[in-house]
Amino acid sequence: MFRDCILAALVTLGLVVGPAWAEEPFIVVQSTTSTQNSGLLDFILPGFEAETGIEVRVVAVGTGQAIRNAVNGDGDVLMVHSKPDEEKFVADGWGVERFDLMYNDFILVGPKSDPAAVGGGADILTALTAIEAAEAPFVSRGDDSGTHKAEMGHWSAAGVDPTDASGTWYRETGSGMGATLNVASGMDAYALTDRATWLSFGNKGSLEVLVEGDTRLFNQYGVILVNPTTHPHVRANAGQRFIDWLIGPDGQAAIASYMLDGQQVFFPNAGE
Amino acid sequence: MRDLVSEMTTCLKARELQVQSNGKTLLDVPELILDGPGPTLILGPNGSGKSLLLRCLHGLITPNRGQVTQDGTSLNSDHKARQAMVFQQPVLLRRSVAANLDFVLRRQGVGWTNRKRRIVELLGEGGLEGKSRQSARSLSGGEAQRLAILRALALNPETLLLDEPTSALDPGATQMIERMVLRASKKGVRIVMVTHDIGQARRLASDVVMMQAGNVVEHGPARQVLTAPKTEASRRYLAGGLIT
Amino acid sequence: MHDFASEFSKALSLIFEGDSELWAIVLLSLRVSMFAVLIAAIIGMPVGAALAVARFPGRRVMIVLMNALMGLPPVVVGLLVYLMLSRSGPLGVLELLYTPNAMILAQVVLVTPIIAALTRQVTEMLAEEYSEQLRSLGVSRLSSVPVLLWDARVALVTALLAGFGRAIAEVGAVIIVGGNINHVTRVMTTTIALETSKGNLALALALGAILIGIAVAVNAMVSTLSLRAEQEGLRHA
């Protein structure tokens, strides 16, 4: 009887384990949650994969973690949005060359009730100052991601150090954009998010877009090949083909044609 | 299997044997020589050190002082391999009846076809035909003890040590066990069996070791010890008196 | 969450209509966790049984340590395995990072202490019962390990199930070492994490329902089988 038991387990295991892992040429792209959660990559990658036969494996984490993973050599291409960090990455010899890829924009979202009365404004610094003055709840990524770095930049430009209020009206989730929006939605708080993640986010609750259109909210993405001299195992040829495709006419057109709710969210600007 | 003459030479000796626990002496046997053909029955009340002595003879307990010798040399693994022991509570593996026998046969390196043959043979000897595929743990108390004895016999031991194998059994089951023990004895297996049952000693023993409070109080031919005991302690036990 | 019910029923229909992408994720989860439990059992069971019977200085310390390792935070395990498998780590040349094998490795690290600790508990009781009889038969402590493992088989099934439960439900470690790569290392739990971060709470919840369903099904299957074995085998045990 016990033998039957073992047999059943082995048969199940055989069924489940049976098929071998797929083994095709592939590259690993260290990217950010915003490109994945928005659905952009799912939309543009099949075109590249069909054309070249190269499978693109995307690891979507925060910009900070993506850069650290790439420094460790755990990826062939880095695709993030924090220009100073990207330039430092290349200057330190971890990357070959940085290319502008595309941009989207950040928006300030918050509850309909809008306790800091920032709705309809087009100046992010004024809005942040008002939030601080009202001590209205604000949820931050707090995870060293590109979005987090951008947010911190705006706070400091507004002359406010929100981390003094950490744990009171200023809440740092230490998680991804989606998780942070879930928190903001749950506690009717303000948050800075990229537009793409916002549009594809399914749990908006009472949140709506309050501030948009400020040129300072411009969010530039860059793409870099991890340096094969420092990390000889990097699949440089395949990685470079991917970058060439992304910044070439086909990739740029694919990015431009991605729509969310009928809106274009990523604006290709390679070679500008 | 083994002829009686060579069997006669198996001689178990205990010398200056002492077992202590927490400063109490549980067993103190200056000298005990078991060189007869057997069966030897070790008789005495609960707590008299019978089981302790048996475990010393089998090497399961290392005495604090003294030693056990077999044929002149102190008990070694070779000797132990030629002994088998049956416990008061049969410890059966959680497997089928046949697998319990197969386990010891395989450990002795018996080939597959011989094992199958031996298992059928042994089950016949113990009246367990038809139970071979049944779980050993589902046997009745008597059947379980018979299987334990069969498993001991499967080792082809020179000496079979039994620790009150029938103490928890009804008279019918006891009788079957006693028959198995006598049959083994007739085939030349040296039997050393612990009991507190005077009747059992009468039925089986050729010599009797009387124990009380950790001491051997008398050792001699069964007829003499059981009918004309030389010590007061033996007399009182046989008379059913309370021994303190 | 206005259309929660419709989202939920959409997710359920994906499941029951046999959506191939969803089922690939379910199968990968099973594949990874079953493999991990298998390897963890091959390592953990002999180690657990050996700890039950062996007597050596430091044994108690090892047992305490093993029991403590049962509660290892998955994220810590994920980080450790990441540091080992990273290109800059000692095992980087194996190119295991971001593969199902990396996830198996992380789960093996998580599950082995559980299986070893439970095996020790189960076999230690059995070893006590068998001790004199096995010594009488000349079976040494260490060679009693296979005997004990086989005879404790029914109880050990529970240890396997506990390990499987931990493996299949775990997300912190596999998301770090697997990378949650679509079609490669995306399993049930990382999909749930991803859908949650997209705000698709209903879909995430429906996937959670499948996860629970799988756990219940595996438990029911195994316990039915082992119950039958027990009834046949150990009626009077």
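## Reading the model

Residues are numbered from 1 along each chain as its sequence is written, while chains are lettered from A and ligands numbered from 1 in the order in which they are written. Because this is a predicted model, local features need pLDDT of at least 70 and side-chain atom pairs count only at pLDDT 80 or more, whereas totals for chains, interfaces and linings use all residues.

The predictor gives the complex an ipTM of 0.87 and a pTM of 0.84.

## Chain C overall

Chain C has ten helices and zero strands; helices (H or I, at least four residues) and strands (E, at least two) are DSSP runs, numbered from the N terminus. Its C-alpha trace spans about 70 × 50 × 25 Å along the principal axes.

Of its 237 residues, 51% count as buried, that is, with 20 or more other C-beta atoms, placed from the backbone, within 10 Å of their own.

## Helix α7 of chain C

Helix α7 of chain C covers residues 153-169, and its 17 residues should span 24 Å at 1.5 Å a residue (1.5 Å times one less than the number of residues). The end C-alpha atoms are 24 Å apart, which agrees. Buried residues of α7(C) include C:L156, C:L160, C:F164 and C:R166.

## Domains of chain B

An automatic or database assignment gives chain B domain 1 (4-92 + 157-238) and domain 2 (93-138). The C-alpha centres of these chain B domains lie 27 Å apart.

Terms used:
Buried ≥ 20, exposed ≤ 12 C-beta atoms within 10 Å, placed from the backbone.
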